[in-house]
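Dear colleague,

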Amino acid sequence: MKKWLTGISLAAVSSMIVISGCGNPANNASPSPSTPAASAAATAAPKSAEPVTITLNGWGSSPEETALFQQVLKDFQAKHPNITVKFDVIADQYMDVIKTRLVGGEGADVFFLDAFEAPGLIAKNVLEPLDGYVKPEFDVADFEAPLLNAFKGKDGKSYGFPKDTSTLALFYNKKDFAEAGITKVPTTWEELQDAAKKLTKADGGKVSRFGFGAAPELARQMFMIQAAGGKVSDDNGNAAYSSPEALKGLQPVVDMHLKDKSAGEPKDLGAGWGGEMFGQHKASMVIEGNWAIPYLQSTFKDLDFATAELPTTFGKKATMAYTVAYVMNKSSKHKQEAYELISYLTGKEGMKTWTSKGLALPARKSVAKELGFDKDPLRAALVAGNSYSIPWQAKETLPIIMNNFNNQFISAYQGKVTLEEALKKAQDTANKEIAASK
């Protein structure tokens, strides 16, 4: 998995976890209606006492997360003794397997879906809209709006509810700041640029520590484009990042590397990702998500660091949000039971248990507050960013758009071509591939 999902998926676990209920499971319960009106009626109807087995697909987690997840499923089972949940872990090529199973009529009743993939799957009409199942006590308004909207279709319906999230925050080395005489955490991009120059260490022209560790990829730079008024894609799903606005947004990132010599990517100094670069003291500041906190605390125990909300860009607050939802297979034969599982896992009680240790952050405002994450010294900045975050998502064509951006932007970052040339080539190539795929 990508590093922005490290906190959600760190390692593969056993290929099957079965949460068994009382009595013998059976698959002969009557399926719930699929239309919103009928679904609402079914929601209001008494729960069936018939034993039912529903399947849940997801990816693996760290041992600590696995234990939390098993606990949530056991709690659900105790409240719904007629429902047995069979959790099938897909360790590799997750979305390829999900799509293949859906096409073959073998899809799970419920499965994890990253916001990145949501528009494409919603457009294929393979997901069940959930609005008709929702009861007032579920409190949809409690979800952070950007996260909830990430799983809405063009029809305005909700096709999933977010299980957890992380935004991006500025991680900074407190000792380095003190040594450089920096007494104020950067609150604007200009202040960050200035601090990065002061924090950079070089000997004979060779940098041993960058002031800022950058990630030159679209998943981390999209907020810079949008803060400057640019777009990643247009309304037709075509790449749209070769614009004056996008150029304006990304030029400061490139300039810090090529002109100021105060920023570099992890591999410049032999690190694998931003968290490692920061922990190894090869960068004094990095922009990372919640997943970096347990990693840094367990791997670099003596590191004295803090976090802050991302500096404003062009006078605007902006950050990314990486979120995953539980969604229902439209072909599920046990829709009511599937929704009972979704509503518990994304409800206040289930989400509280799942996010209780801070390995993932709640998608609900009330849960973040109840667990104290909104006041947590390291996580408060991440929680604060939820309300104005930009989900890592665009149109169904985002995979093509992303790949071409990443292929070309790195050339501009390394000074091989101008940023304008890189963005134009990336956009032109992406749009040719998009046209060919239609």
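Predicted model: local features only at pLDDT ≥ 70, side-chain atom pairs only at ≥ 80, totals over all residues.

The chain holds 17 helices and 13 strands, and of its 438 residues 56% count as buried. Its exposed surface comes to about 18,200 Å², of which carbon and sulfur atoms supply 51%. Among the contacts with a separation of 6 or more, 76% are accounted for by residues 24 or more positions apart.

As for the helix pair, α9 (residues 244-258) packs against α16 (residues 398-413) with the two axes 9 Å apart and at an angle of about 45°, which makes α9 oblique to α16. On the α9 side the contact is formed by L250, V253, V254, H257 and L258, and these meet F405, F409, A412 and Y413 in α16. Sorted by kind, the residues of this contact of α9 with α16 comprise eight nonpolar and one polar, with no charged residue.

The side chain I would point you to is that of Q77, a residue found in helix α2 (residues 63-79). Is Q77 buried or exposed? Its relative accessible area is 6%, and because this is under the 20% cut-off, Q77 counts as buried. A polar atom of the Q77 side chain lies 3.0 Å from the backbone oxygen of H80.

Methods: Residues numbered from 1 in each chain as written. Heavy atoms only, no water. Axes fitted to C-alpha atoms, helices over the stretch in contact; angles between N-to-C directions. Helix = DSSP H or I, 4+ residues; strand = E, 2+ residues; numbered from the N terminus. Parallel < 35°, antiparallel > 145°, perpendicular 65-115°, else oblique. Contact = heavy atoms within 4.5 Å. Nonpolar A, V, L, I, M, F, W, Y, C, P; charged D, E, K, R; others polar. Buried < 20%, exposed > 50% of the residue type's maximum accessible area, 1.4 Å probe, protein only. Areas by Shrake-Rupley, 256 points an atom, 1.4 Å probe, with all protein chains shown as cover. Polar contact = N/O pair within 3.5 Å; in protein donor to acceptor, adjacent residues only side chain to side chain.
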